[in-house]
Amino acid sequence: MMRYFSLEALRGGALALSAGLLLASCSLDSNSEKAATLPYIGEREVKPRADGGPADTVFAVVPTFQLTNQQGQPVNKATFSGKVYVTDFFFATCPSICPKMQSELLRVYEQYKGNPRVAFLSHTIDPDHDSIPVLRDYAERLGVKDASQWHFATAARDTVFGLAHAYFTAAQPDKEAPGGVAHNGTFALVDSKGHVRGLYDGMVKAEVDRLIRELPVLLNEEEANQPKP
């Protein structure tokens with residue numbers, strides 16, 4: 001069975017190995033859903049302004065990526081322009097945590113199915129097996145017909161592992177795990193500019209319920225930040 005890392009373990013270990021640090025820990029607090037905005041997760045840089053005005057805070061963003069989805073279409077940051085999206089990491093033959101994760105993520109998808117402002121991105125961590133036809137079959141068996149809203153994507157393993165760190169998710173080589181890979185069930189909520197705004201344990205229903213509650217908070221924030229005509 002594939003080794004599983006809980007979100008608690010992620011907080012304690014995998015985050016330290018990620019590209020950024022969880023500075024806004026309140027995003028994992030149940031009170032965050034009551035806020036008008038969600039906090040930013042990851043490294044931030046304070047940049048003084050040349051005119052002496054208030055310093056600007058620049059938050060970490062997910063790096064540029066190039067993936068291919070279940071329809072053979074390219075997936076990159078431009079794919080999610082103007083959208084918020086939810087990510088996870090899985091593999092098609094996973095007998096342990098992936099079925100539970102995907103059933104939970106499917107609950108979120110059903111809430112936002114057909115909503116052009118919300119997308120989903122599932123990365124395979126077994127690209128050698130999970131070819132485009134395998135990913136297409138996997139999506140169809142889940143009942144996901146719209147590849148433009150929920151992307152089941154593949155790339156080289158090194159690319160996927162790098163993205164896992166960027167999304168504060170534990171996915172890494174492990175010789176003791178079947179297939180030589182271990183991962184956890186973290187879902188990451190990402191805004192339209194590529195900032196991670198929430199982390200949720202996809203193995204825990206209450207955590208996924210929190211994601212469902214917090215998604216509208218982020219959507220409202222995005223709408224409020226749209227340029228006024």
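Ala, Val, Leu, Ile, Met, Phe, Trp, Tyr, Cys and Pro count as nonpolar, Asp, Glu, Lys and Arg as charged, and the others, Gly among them, as polar. By these classes, the lining of the largest pocket in this predicted model has one nonpolar, five polar and five charged residues. The residues that line the largest pocket are Y40, G82, D191, S192, K193, H195, R197, E221, E222, N225 and Q226. Because Tyr counts as nonpolar, Y40 of this lining belongs to the nonpolar class. The space in the largest pocket is about 210 Å³.

The report now turns to strand β7. This strand spans residues 118–124 and is mostly covered, with seven of its seven residues buried. Both of its faces are covered: one side carries V118, F120, S122 and T124, the other A119, L121 and H123, and all are buried.

Strand β7 pairs with two strands, β6 and β8, as the table sets out.

| Strand paired with β7 | Residues | Sense | Bridges |
|---|---|---|---|
| β6 | residues 84–90 | parallel | seven bridges |
| β8 | residues 150–153 | parallel | four bridges |

Single residues illustrate these pairings. T87 has L121 of β7 as its bridge partner, while H123 has A153 of β8 as its bridge partner.

Helix α2 (residues 98–112) makes a right-handed β-α-β unit with β6 and β7. Helix α3 (residues 132–142) makes a right-handed β-α-β unit with β7 and β8.

Technical notes: Residues are numbered from 1 along each chain as its sequence is written. This is a predicted model: local features need pLDDT of at least 70, side-chain atom pairs count only at pLDDT 80 or more; totals for chains, interfaces and linings use all residues. Side-chain values use heavy atoms; hydrogens and water are left out. Buried means under 20% relative accessible area, exposed over 50%, partly exposed in between (1.4 Å probe, protein chains only). Two strands pair if DSSP finds at least two bridges between them. A crossover is right-handed if, with the strands pointing away from the viewer, the path from the first strand over the helix to the second runs clockwise. On a 1 Å grid over the protein atoms alone, a cavity is a set of points where a 1.4 Å probe fits but cannot get out, and a pocket is an open set with protein on both sides within 12 Å along at least five of seven lines; lining residues have an atom within 4 Å of a point. Grid points are joined across faces, edges and corners, and a volume is the space filled by probe spheres set on the points.
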